[in-house]
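Take a look at the protein below. This report walks through its pockets, its ligand and a few points of backbone geometry.

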Amino acid sequence: MAKEVRKRVLVTGGAGFLGSHLCTRLLREGCDVLCVDNYFTGRRANIFHLLDDPHFETMRHDITFPLYLEIDEIYNLACPASPIHYRFDPVQTTKTSVIGAINMLGLAKRTKAKVLQASTSEVYGDPEVHPQTEDYRGRVNPLGPRACYDEGKRCAETLFFDYRRQHGLRTKVARIFNTYGPRMHPEDGRVVSNFIVQALRCEQLTVFGDGRQTRAFCYVDDLIDGLIRLMASPDEETGPVNLGNPVEVRVGELAEVILGLTGSRSSIVYRPLPADDPVQRCPDISRAREVLGWEPQVQLQDGLRHTIAYFAETLT
Ligand SMILES: NC(=O)c1ccc[n+]([C@@H]2O[C@H](COP(=O)([O-])OP(=O)(O)OC[C@H]3O[C@@H](n4cnc5c(N)ncnc54)[C@H](O)[C@@H]3O)[C@@H](O)[C@H]2O)c1
């Protein structure tokens, strides 16, 4: 009888918010999953439910150092994603994006693996066009406090396209927009987790600016589905592909919705906008619809209910 051949998939940043959901989904799809993480922002609690699975393996490793293993596919998610965390050690953030990408591309080259980069809407910086399409080249301040992340991710994209042109690698680039859901870090300062944690703790909800700036929020299950589809797409499909929810919500409105769903009696306070904070960010997902047959399915209220339930359980 033929032996079952399982795909060996490496997820860097696998103990983080998105990575842990991706590992869970890949195991469900019958893959052998190796989670690599240095636990800078990732937590063992995020992957605790996977530790007994014989097809799951975890390794503490910093991707700024080379990694030698046999693998079929690589999802490169390792990188702190929230401003609080990526600004904590900006030089390490740039190293993780740039040297980490070189190491993962080197591994893909040696093993002939397919490799997907988790890029970000931050490559568009503070955009002059709305919504953002993939051919928009962005408006990033290379000297500002967000540059370690934005420029690091832009350089990683360049590397992905150069390795493809120069070495014939099968590469994919996903530009991820604001994503939320269970296992977000409670202290990461991102707007959804901030508001939920503040509401559940009956603290004031902090809105930066006047609350009229918009964001578009994608539920984590939808996002993971987009990443899996992109990896499974034909080799010619390189991306970049925007993955996000195109439904815009004012930040002030989001605060009100969360107050309603949590039943919290917290009030809202307004604080000045941080430097380089974009006033509007919204994906054009026409390309994802066309080439991946993908679009978000989960309504904001439903996604928020799941996320609130998670925080209500973990904060107590
Ligand atoms: N969540 C979002 O809304 C969003 C939006 C755009 C892009 N992204 C991208 O998706 C990826 C995952 O984001 P997330 O929200 O899950 O963030 P996260 O901080 O929860 O996860 C990142 C993971 O990478 C690990 N990591 C960091 N540096 C590392 C290193 N040098 N070596 C090994 N592991 C390292 C962290 O410990 C963590 O587990 C990131 O690359 C991020 O830039 C996320």
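The second largest pocket holds about 270 Å³ of space. This is a predicted model, and the values here are computed from it. Which residues lie nearest the centre of that pocket? They are E134, Y136, R137, E157 and R175, out of 14 lining residues. By class, the lining has seven charged, five nonpolar and two polar residues. Helix 5 gives the largest share of this lining, with four residues.

**The ligand**

Now turn to the ligand.

| Residue | Protein atom | Ligand atom | Distance |
|---|---|---|---|
| G16 | polar backbone atom | oxygen | 3.1 Å |
| N38 | backbone N or O atom | nitrogen | 3.2 Å |
| T96 | polar side-chain atom | nitrogen | 3.1 Å |

How much of the ligand does the protein cover? On its own, the ligand has 820 Å² of accessible area, and the protein covers 97% of that.

**Aromatic rings**

The structure holds seven aromatic pairs. One of them joins Y180 and Y219. A pair of aromatic rings is described by the distance of the centres and the angle of the planes. For Y180 and Y219, the centres are 5.5 Å apart and the planes are at 65 degrees. That makes the pair edge-to-face. It links distant parts of the chain, 39 residues apart. Y180 is in strand 7 (residues 179-180), while Y219 is in strand 10 (residues 218-219).

**Backbone geometry**

Most residues other than glycine have a negative phi, and most peptide bonds are trans. Where are the exceptions? A cis peptide bond joins H130 and P131, with omega about -15 degrees. P131 lies in the loop between strand 5 and helix 5. The bond from G239 to P240 is also cis, and its omega is near 0 degrees. P240 is in the loop between helix 7 (220-232) and strand 11 (241-243). R183 has a positive phi, near 80 degrees. R183 sits in the loop between strand 7 and helix 6 (191-200).

Terms used: Residues are numbered from 1 along each chain as its sequence is written. This is a predicted model: local features need pLDDT of at least 70, side-chain atom pairs count only at pLDDT 80 or more; totals for chains, interfaces and linings use all residues. Side-chain values use heavy atoms; hydrogens and water are left out. A polar contact is a pair of N or O atoms within 3.5 Å; within protein, one must be able to donate a hydrogen and the other to accept it, and residues adjacent in sequence count only if both atoms are side-chain atoms. Accessible areas come from the Shrake-Rupley method with a 1.4 Å probe; for residues, only the protein chains shown count as cover. On a 1 Å grid over the protein atoms alone, a cavity is a set of points where a 1.4 Å probe fits but cannot get out, and a pocket is an open set with protein on both sides within 12 Å along at least five of seven lines; lining residues have an atom within 4 Å of a point. Grid points are joined across faces, edges and corners, and a volume is the space filled by probe spheres set on the points. Helices (H or I, at least four residues) and strands (E, at least two) are DSSP runs, numbered from the N terminus. Ala, Val, Leu, Ile, Met, Phe, Trp, Tyr, Cys and Pro count as nonpolar, Asp, Glu, Lys and Arg as charged, and the others, Gly among them, as polar. Rings of Phe, Tyr and Trp (its six-membered ring) pair if their centres lie within 6.5 Å; planes under 30 degrees apart count as stacked, over 60 as edge-to-face and the rest as tilted.
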